Amino acid sequence: MVELVIKEPDIIDRMLAFEFVRVTERSAVAAAGLRGRGDEKAADQAAVDAMRSELNRLPISGTIVIGEGERDEAPMLFIGEKVGTGSGPAVDIAVDPLEGRTLCAKDMPGSISVMAIAKEGSLLYAPDVYMDKIAIGPGYPAGVVDLDRTPEDNIQALAKAKGVKPGEITVLILDRPRHANLIAACRKAGAAIRMITDGDVAGVIFTAQADSTGSDMYMGRGGAPEGVLAAGALRCVGGQMQGRLMFDTEEKRVRALAMGVKNAMKKYDMTELASGDVIVCATGVTDGALLRGVKWIGDVVETETVIYRSATGTVRKIRAEHRAMGKFSPV
């Protein structure tokens with residue numbers, strides 16, 4: 001009998017990977033304590049504080065390369081911030097402690113806490129700016145869609161590759177005024193539009209589950225942190241994604257140059273946004289299509305987390321019961 005041996009990169013230990021789950025669990029529970037209270041900033045700050053506290057317990061030498069802001073915007077987890085005990089592997093970390101802060105504040109579906117971690121130098125290091133994105137799920141020829149093509153061309157190409165008419169393609173787009181022309185172009189091509197108010201990390205992931213979510217393609221402009229996080233998750237489950245950073249001021253271009261972004265118009269593919277052995281963890285804050293939200297049942301706190309790992313192509317869902325969350329109980 002031949003024994004099947006799967007060789008894994010040793011930069012991120014398997015047991016350490018499960019410790020990352022605790023980070024998003026804690027931040028999700030902290031934010032969930034402020035669900036429906038109408039205070040986005042307070043919920044976001046609670047998630048940030050919890051995430052920072054847990055990250056600093058980990059035996060890693062971590063650097064936040066994609067975060068909620070930069071050093072002058074602390075106490076958010078800022079780009080360049082060092083986290084961990086400093087005694088373990090050097091890793092890049094991308095975070096969004098509370099993706100969908102408006103959803104959390106209004107107790108609407110789809111808010112999550114999410115982070116990605118990879119070997120140092122593996123995640124895009126760039127300012128907190130907007131990013132133009134396009135993404136589709138697995139099973140299509142390479143290059144079937146492209147950020148430089150028109151929405152109509154991309155819809156027609158995906159429909160042809162899928163063996164359907166353009167009218168059977170559904171495009172997921174953030175509901176923002178800046179997307180008015182994009183929405184009009186997609187509808188002109190015959191595609192259906194599914195609007196989301198927030199949460200474009202989950203939106204990109206939905207394209208990898210088109211049979212169950214009904215979302216064939218993601219297009220539009222959203223945050224760069226969410227773009228890197230989504231690319232990391234998509235690398236684990238399959239699909240295609242491209243992104244381009246958007247610099248609307250000279251000051252942002254100068255900051256990007258200082259971070260090593262030499263070509264402001266560069267089009268990044270999925271592996272340039274997130275390369276190597278990437279682990280992505282996301283915990284539900286409010287109930288949504290991707291994850292269940294945090295639940296309090298007596299003294300027990302229930303969470304649901306999904307963890308993706310690109311090295312093995314593994315996707316795990318973890319439902320946990322916590323009996324000692326301490327200060328992370330609801331307010």
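This is a tour of one chain, stop by stop, for use with the viewer open.

The model is predicted, so local features need pLDDT of at least 70 and side-chain atom pairs count only at pLDDT 80 or more, while totals for chains, interfaces and linings use all residues. Residues are numbered from 1 along each chain as its sequence is written, and side-chain values use heavy atoms, with hydrogens and water left out.

**Whole chain**

Start with everything selected. The chain has ten helices and 14 strands. Both are DSSP runs numbered from the N terminus: helices are H or I with at least four residues, strands are E with at least two. The radius of gyration is 19 Å, close to the 20 Å that the globule rule gives for 331 residues, so the chain is as compact as a globular protein of that length. That radius is taken over C-alpha atoms, and the rule is 2.2 Å times the number of residues to the power 0.38. Along the principal axes, the C-alpha atoms fill a box of roughly 60 × 55 × 45 Å.

Colour by burial next. Of the 331 residues, 54% are buried. Buried means under 20% relative accessible area, exposed over 50%, and partly exposed in between, with a 1.4 Å probe and protein chains only. Now consider contacts, meaning heavy atoms within 4.5 Å. Among those between residues at least 6 apart in sequence, 69% join residues at least 24 apart.

**The six-stranded sheet**

Select β7, β6, β8, β5, β9 and β10. In that order they form an open sheet with mixed pairing. Two strands pair if DSSP finds at least two bridges between them. The edges are β7 (192-196) and β10 (268-269), each pairing on one side only.

Zoom in on β5 (residues 130-136) and β9 (residues 240-246). They run antiparallel, joined by seven bridges. Click K133: G243 in β9 stands opposite.

Select both cysteines. A disulfide here is a pair of cysteine sulfur atoms within 2.5 Å. By that rule the count is zero. C236 is buried at 6% relative accessibility. C281 is buried too, at 1%.

**T283**

Move to strand β11 (residues 279-284), where T283 sits. Is T283 buried or exposed? Buried, at 0% relative accessibility. A polar atom of the T283 side chain lies 3.4 Å from the backbone nitrogen of E25. Beyond four places in sequence, the contacts of T283 include V21, T24, A28, I112 and L291.

**G84**

Finish at the loop between β2 (82-83) and β3 (90-99), which holds G84. G84 is partly exposed, with a relative accessible area of 22%. Leaving out residues up to four places away in sequence, G84 touches L55, N56, L58 and I60. Draw a distance from G84 to A202, 118 residues apart along the chain: their C-alpha atoms are separated by 27 Å.

How values were computed. Polar contact = N/O pair within 3.5 Å; in protein donor to acceptor, adjacent residues only side chain to side chain.
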